[in-house]
Amino acid sequence: MRIVWKLFGFSRRLLQVEWCHPSESILLFTLVPRLRKAPSVFLLGQRQGLSTMPEIEASVRDSELFSPPSDVRGMRELDRTAFKKTVSIPVLKARKEVVNRLMRALRRVALQRPGIKRVIEDPKDEDSRLIMLDPYRMLTADSFDKAELGVLKELDVSPQLSQYNLELTYENFKSEEILKAVLPEGQDVTSGFSRVGHIAHLNLRDHQLPFKHLIVMVDKNPGITSAVNKTSNIDNTYRNFQMEVLCGEENMLTKVRENNYTYEFDFSKVYWNPRLSTEHGRITELLNPGDVLFDVFAGVGPFAIPAARKNCTVFANDLNPESHKWLLHNCKLNKVDQKVKVFNMDGKDFIQGPVREELMLRLGLSAEAKPSVHIVMNLPAKAIEFLSVFRSLLDGQPCSTELLPTVHCYCFSKDSDPAKDVRQQAEAVLGVSLETSSSVHLVRNVAPNKEMLCITFQIPTATLYRNQSLSLQNDQEPPLKRQKTGDPFSGEPQIASDS
């Protein structure tokens with residue numbers, strides 16, 4: 001699976017659209033069209049004409065040459081027939097046997113327009129071909145450079161240009177060109193979406209909603225058979241969101257490939273963000289075979305499964321029953337089900353239960369060679385709050401510093417200094433300074449003035465171990481203050497409870 005964050009695609013073939021059920025055209029894209037190759041005359045049209053001219057008209061250089069017709073402005077239900085337009089294109093006549101050699105020499109000036117053939121038959125001479133040229137570069141024969149003129153002379157091709165009337169249709173315009181022509185002037189054109197298997201996922205702004213059925217044109221994005229718009233924020237409990245199907249099929253069961261792993265899930269019921277692909281890979285690279293990974297908010301497995309394939313011992317948890325189901329499924333799908341222990345618990349319960357038990361067992365071993373322990377907490381909206389569970393989590397004699405678990409905690413920040421902000425947030429929850437013992441990685445820009453970051457640090461001994469926490473607190477706070485406020489490092493049961 002790969003992220004599709006670019007200008008919408010366009011037809012790379014000459015295609016003609018034939019609707020399966022025209023009677024249901026009210027639902028603009030609820031039906032997926034059948035596509036079939038059109039005869040070459042389809043795009044060139046019946047109204048083709050050829051005339052010699054000494055110079056291409058200056059109007060050809062107009063920036064609107066390849067824009068859709070102006071009368072489509074305000075369209076809300078797609079009418080493909082309204083996008084027909086005839087433009088004049090400079091062409092060069094050449095014998096068909098020299099065309100291949102000539103095209104290599106004319107790369108600079110040949111027409112570069114998706115969906116349009118650059119070499120067409122000459123309607124008046126079956127032994128010749130017409131080469132379409134870039135109207136912005138080619139005004140007269142003098143527009144050829146010295147090298148190009150040399151090749152023309154060598155191949156005995158006249159540099160004289162002619163004009164060809166080319167009929168453009170819906171298939172010849174890019175999606176962003178169509179949207180720019182249709183939306184009210186001055187409105188920004190949505191040109192990016194996340195691709196999740198066969199699903200295009202958009203976050204439309206309010207002013208774009210009246211045109212929502214035009215925003216994604218399924219027939220211009222190969223492999224996309226459904227497009228959805230998020231209609232609510234991510235739910236912090238199960239990390240999913242309400243969505244509206246804009247066009248295409250309503251099937252939300254999808255399959256994605258990410259970093260050579262396969263994941264299947266119901267996109268409407270679980271959390272999946274293709275823009276985190278690089279981050280998933282970054283964390284995996286930090287792990288060594290034999291390491292232990294605790295994934296507190298595992299989702300459908302993008303951290304857990306690559307770690308297991310790297311021969312790490314993995315404990316993966318998610319509160320969402322649907323995520324838990326697909327996590328189990330994906331572990332089997334990627335053949336790591338014997339290497340991942342899967343849980344369906346609240347994050348705090350997972351840390352206080354399986355994580356604590358495993359840490360007590362592993363950190364208490366006397367063997368010299370012990371694996372590194374990593375704890376991933378990818379719940380940016382709330383993960384910082386869960387750091388409090390590590391306070392006084394363990395009993396007994398502290399392990400050596402190098403064996404302390406390393407936490408990778410994700411969070412959001414709108415601060416002007418986001419790295420400092422997330423460090424201070426973590427310090428406030430843990431009750432210790434992380435200034436010299438942590439690093440902050442910028443994951444991605446979520447929205448204007450909102451960043452997603454990952455703070456990485458080893459849990460300090462004074463925080464993780466109950467006796468050390470109590471000793472540190474006794475040294476740092478006067479007795480009177482502890483009596484008034486309560487001792488947050490005292491190790492009392494409520495400190496590590498769900499309340």
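1. A residue is termed buried under 20% relative accessible area, exposed over 50% and partly exposed in between (1.4 Å probe, protein chains only). By this criterion Phe343 and Phe350 are both buried.

2. The model is predicted: local features require a pLDDT of at least 70, side-chain atom pairs count only at pLDDT 80 or more, and totals for chains, interfaces and linings use all residues. Residues are numbered from 1 along each chain as its sequence is written, and side-chain values use heavy atoms, with hydrogens and water left out.

3. The pLDDT, the predictor's confidence in each residue from 0 to 100, averages 79 over the protein chain, and 76% of the residues score at least 70. Residues 1–62 have a pLDDT below 50, with 155 contacts (heavy atoms within 4.5 Å) beyond near neighbours in sequence.

4. Rings of Phe, Tyr and Trp (its six-membered ring) pair if their centres lie within 6.5 Å; planes under 30 degrees apart count as stacked, over 60 as edge-to-face and the rest as tilted. The model contains nine aromatic pairs. Phe297 and Phe386 form an edge-to-face pair, 5.1 Å centre to centre with 80° between the planes. Both Phe297 and Phe386 are buried. The rings of Phe343 and Phe350 have centres 5.4 Å apart and planes at 50°, so this pair is tilted.

5. A charge sits over a ring if NZ of Lys or CZ of Arg is within 6 Å of the ring centre and within 35 degrees of the ring normal. The charged end of Lys348 lies over the ring of Phe386, 5.8 Å from its centre. Arg80 is placed over the face of Tyr170, 4.9 Å from the ring centre; Tyr170 forms one aromatic cluster with Phe83 and Phe173.
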